Amino acid sequence: MRAALTAQASGHGHGHGHGHGPAAPASTRVRKLLMWLLVPLALATVVGMIVLYPWGKAAPTSVVPQGTPVQASITATATGPCLANGQVQVGADTDPDQKPCLTVDLTMTDGPGKGKPLRLIVPIEPSTPRFSTGDDVVLAYNGGNATDPASFQLVDFQRGTPLVLLAALFALAVLVLGRWQGLAALVALVLSFVVIVLFVLPSILAGENPLLVAIAGAGAIMFVALYLTHGLSARTSVAVLGTLVSLALIGVLSAIFSVGASLTGLDDSTSTLIGSLGHGIDARGLLLAGIVIGALGVLDDVTVTQTSAVWELRRANPALGWRELYRSGLRIGRDHVGSAVNTLVMAYAGAALPVLLYSSISGVGLGALLGSEDIASEIIRTLAGSVGIVAAVPVTTILAALIAAREPVDHLVSTTNTP
C-alpha cells in the first residue's frame, strides 16, 4: 500500500476525456494521511475475503440433471408431423391443430458417439430456436446408450468461435488506442473476472451472505482495477476512497428500499438457481449483491474523473484552498454526472428489456406494472445505483479537495514540471 501512495502514475485516457499527464509523487504529509485511511480498508477487504471464502467445502453441484454437453453438426433438417423414430404417417391428412416437429439429422463431433449419426425430433414452438442444416449445435447427453436418440436432447448452438473473435477484436481495439494503458486495463478486467469466478461465485453458492460477499469482492476488484489501470498515485487512492463511500451508500439504500418494497429477489433465474441447488439461498441478498457489483464500473469513471480534475486544478493554481477546489471540481462533475447516470439507466433498461416487454402486454395498469416484482427490482437497482453515482461526485470532490489542499505549495511548484 505504501508503494501505491508513493509511486508515480502514468496518465490515463478515459472515455470521458479526463486523461492527465504523469502525476507527481505525493508529499509525505499526503502519503501518511492516505495510508491511515486506506490501509484499514484494504485489510478489511482481505480479511473479509478470507472469512467468507468456503475453505475446504466441496463445490456444490446441481441436483437437477443437466446432462453432459456434446457437440454435434446438423447435416439435414425436415419439417413434418411429430413422429417417433420408426413411426410412419398413414394417409395424407393431418390434424390442422397439431403442431409440427423438426426432424434433425446430426453427426456428433465429440462425446461417446463421436462420428456417429443421430436423428432427433424437436417440437416447433414459438420459443424453439430455428435450427438449420450446417449449424453447429450442443446436445445434452444423459449418460444412456450413445446410439439411442432418447439419450440426447438438442439444447443450444455452439458460439465459441464468434465469441473468441469478438473478444480478440475488443482486446485489439483497446491495445491500439490505449497501448500500455490499454494493456493494464485488459489485465485489470481479467483479474476482476478472476475475483468473481474464484471468490464471489463459490462463496455465494456455499451459503454466505451475498451482500457481504459482493462488498468484499467489489473492494478487491476496486483496489486491483483502479491502481492497475490508473496508476499507483495519491489521486488514485482518493478515487478508491470515493468509490468505497459511494458503494457503501448504494448498498445501504438498496437494502433499505428493497425491504421497504418487500422485494423477495425471486425472479425466474434465481428460482431456477434455488431449484438446482436443492436448498435455499438469500434471494434478496443476491439482488443487492448484483446492484453493488453492477454499479462499480460506472463509479470508477466518476471518481477518477473528479479526483484528476481537482488535482490538476490544485497544480495549476497552488493558491486555491479546499473550498475553491471543491466548488470548481463540483462544476466539472455536474457536466459528467448526467451522462454517467444515463449510462447506468440504459444498461439496466437494456438488460431488463424482455421483462419490460412481457410486463407491457400483461394488460394490467401502470401502477401494478411498476409495482411488480421484476419491474420494481429494476427500478430500485437503477435508482439506488444512480443516487450512488450522483453522490460520488460531491463525496469524491470534497475528499480530493481536502487532501490535495494539504499538499505544500513548494512541493506542488517543484513537481509541476516533473517529466
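1. β2 and β3 pair in the antiparallel sense over seven bridges. Pairing here requires that DSSP finds at least two bridges between two strands. Strands are DSSP runs (E, at least two residues), and helices are H or I runs of at least four, numbered from the N terminus. C101 stands opposite P123 in β3.

2. This is a predicted model: local features need pLDDT of at least 70, side-chain atom pairs count only at pLDDT 80 or more, and totals for chains, interfaces and linings use all residues. Residues are numbered from 1 along each chain as its sequence is written, and side-chain values use heavy atoms, without hydrogens and water.

3. The structure holds one disulfide (a pair of cysteine sulfur atoms within 2.5 Å). It joins C82 to C101, S to S 1.8 Å. C82 lies in the loop between β1 (68–80) and β2 (101–108) and C101 in strand β2, so the bond ties together parts 19 residues apart in sequence. The S-S torsion of C82 and C101 is about 95°, so the disulfide is right-handed.

4. The two cysteines: C82 is partly exposed at 30% relative accessible area, while C101 is buried at 2%. Buried means under 20%, exposed over 50%, partly exposed in between (1.4 Å probe, protein chains only).

5. An unreviewed UniProt entry places "transmembrane region" at stretches including 184–205 and 240–263. Such annotations may be inferred rather than shown by experiment; positions follow the numbering used here, and feature names are shortened. Residues 184–205 are 100% helix and 0% strand, with end C-alpha atoms 31 Å apart. Residues 240–263 are 88% helix and 0% strand, with end C-alpha atoms 31 Å apart.
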